Structure formats: structure tokens, C-alpha cells
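Good morning, and thank you for coming.

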Amino acid sequence: MILSLKPNGLSGHRTVNPQREYFYEIDADGRLFHDGSELTDTRFLDFFFTHLKPNPGPLHPEYAFLSPCGREMNYIKSSSPIVFRALMKFETGTSLLYAGQKLQPFMPEALTLDASGQLYHPTEIGIAGRLGRHALLEISKFIYQEEGRYWIRWNSEQYCIATKST
């Protein structure tokens, strides 16, 4: 919590700022933890990840992301907070699953590969999501390498996977 002195400064009492702070971690599989306990409520996870954004600072710079909720500020420690868990095929198209039950339409032409070999896909909230191990296993059968570049063959089309800088 953030503490501040009363405006008159004379009484010496401290008042608590109405903003509460909570601290979370996201593991390599995209699971959300608070105080060592995994949070699994689908509606909460969907809300939490919908409001995810980079931490503009200056408070808690070791937490790269935050998810505001009313008077609460939820700080998140993770280098890649969105992890796509599965590739879901529907009659209307294919989507990537993350958070609780959030779906991101799959766009093979938008895939990027970073220097460490991690595959990323953009999200509607502007933060690139990393393909987790299960989603990567599903997609890997469509990926091939040719002349030093990676490609994905998807629905009779082929797309070059861009290399992500930094």
C-alpha cells in the first residue's frame, strides 16, 4: 500500500492512499500466481489479461507489466506475460487460446521469431504473446526452414516468419 501524510502535516497520523497494490508472477506456461498460489478462475483471468499493459513506472520497475482494476494496481513480473496455450480450430477460423478462455485470431503472417528461438504472435491489447509449448507443438508441423529462413505453410499459403529485433 502507498502511505502518505495527512494534508495538514501536523497530526503525524498517516492515511492510506485508496490504491491497493498486489504483486503477481506469470510462469513459462502462462499461469498466473499470487503469493505462490495459482489463480484459475476463468472470468478473473480473462479480466486480468484484458487490462494488461506495460508498467510505465516509476513504481516497482522490477514488475514489467500491470493490470489496473478499479482502485487496485496489480503488478506482474514476467518477461512474456501472454502465453498462448493452444491452437483452436473453428468453422470460422483458427484462434490462439490464452488467459482463462481468451481467444486471439491466428494470423500466420504476423508470427515473429526472436533471437532465442521463441515464437511470438500479436494480440489485440498490443502486447506480443509467446507461443507456449502446447501451441508450439501444434503449429510446428506447419513450420519449415529453407535457405536460413523459417516459413509457415497455412491453408495452402506460405508465409515467411519475421525475425524480431531485441
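First, some ground rules. This is a predicted model, in which local features need pLDDT of at least 70 and side-chain atom pairs count only at pLDDT 80 or more, while totals for chains, interfaces and linings use all residues. Residues are numbered from 1 along each chain as its sequence is written, and side-chain values use heavy atoms, with hydrogens and water left out.

Let us begin with the sheets. Helices (H or I, at least four residues) and strands (E, at least two) are DSSP runs, numbered from the N terminus. Two strands are said to pair if DSSP finds at least two bridges between them. As background, the strands of a sheet pair through backbone hydrogen bonds, either parallel or antiparallel.

Please find Ser95, which belongs to strand E11. Is Ser95 buried or exposed? Ser95 is buried, with a relative accessible area of 10%; buried means under 20% relative accessible area, exposed over 50%, and partly exposed in between, using a 1.4 Å probe and protein chains only. Not counting residues up to four places away in sequence, Ser95 touches several residues, among them Ala86, Met88, Leu103 and Phe106. Contact here means heavy atoms within 4.5 Å.

I turn now to another sheet. This open sheet also has three strands, in the order E16-E17-E18, with antiparallel pairing. E16 and strand E18, residues 157-160, stand at the edges with a single partner strand each, so one side of each lacks a neighbour in the sheet. Four bridges join E16, residues 143-146, to E17, residues 149-154. Across these two strands, Gln145 has Tyr150 as its bridge partner, and Tyr144 has Trp151. The hairpin of E16 and E17 has two residues between the strands, and Glu147 takes a positive phi near 50 degrees there.

Next, the aromatic rings. How many aromatic pairs does the structure hold? The structure holds nine. Rings of Phe, Tyr and Trp (its six-membered ring) pair if their centres lie within 6.5 Å; planes under 30 degrees apart count as stacked, over 60 as edge-to-face and the rest as tilted.

Phe44 and Phe48 form a tilted pair, at 5.6 Å centre to centre and with 40 degrees between the planes. Both lie in helix H1, residues 42-50, four residues apart, which is about one turn of the helix. Phe44 is partly exposed at 29% relative accessible area, whereas Phe48 is buried at 1%.

The rings of Phe142 and Trp154 have their centres 4.9 Å apart and their planes at 75 degrees, so this pair is edge-to-face. Phe142 lies in the loop between H2 and E16 and Trp154 in strand E17, so the pair ties together parts that are twelve residues apart in sequence. Phe142 is partly exposed at 23%, and Trp154 is buried at 7%.

Ring pairs also link Tyr24, Phe44, Phe48 and Phe49 into a cluster.

Lastly, the core. A nonpolar core is a set of buried Ala, Val, Leu, Ile, Met, Phe, Trp, Tyr and Cys residues joined through side-chain atoms within 4.5 Å. The largest one has 25 residues, of which Phe49 and Phe106 touch the most other members. Strand E3, residues 20-26, together with H1, E11 and E17, each supply at least two residues of this core. The largest share, three residues, comes from H1.

Thank you for your attention.
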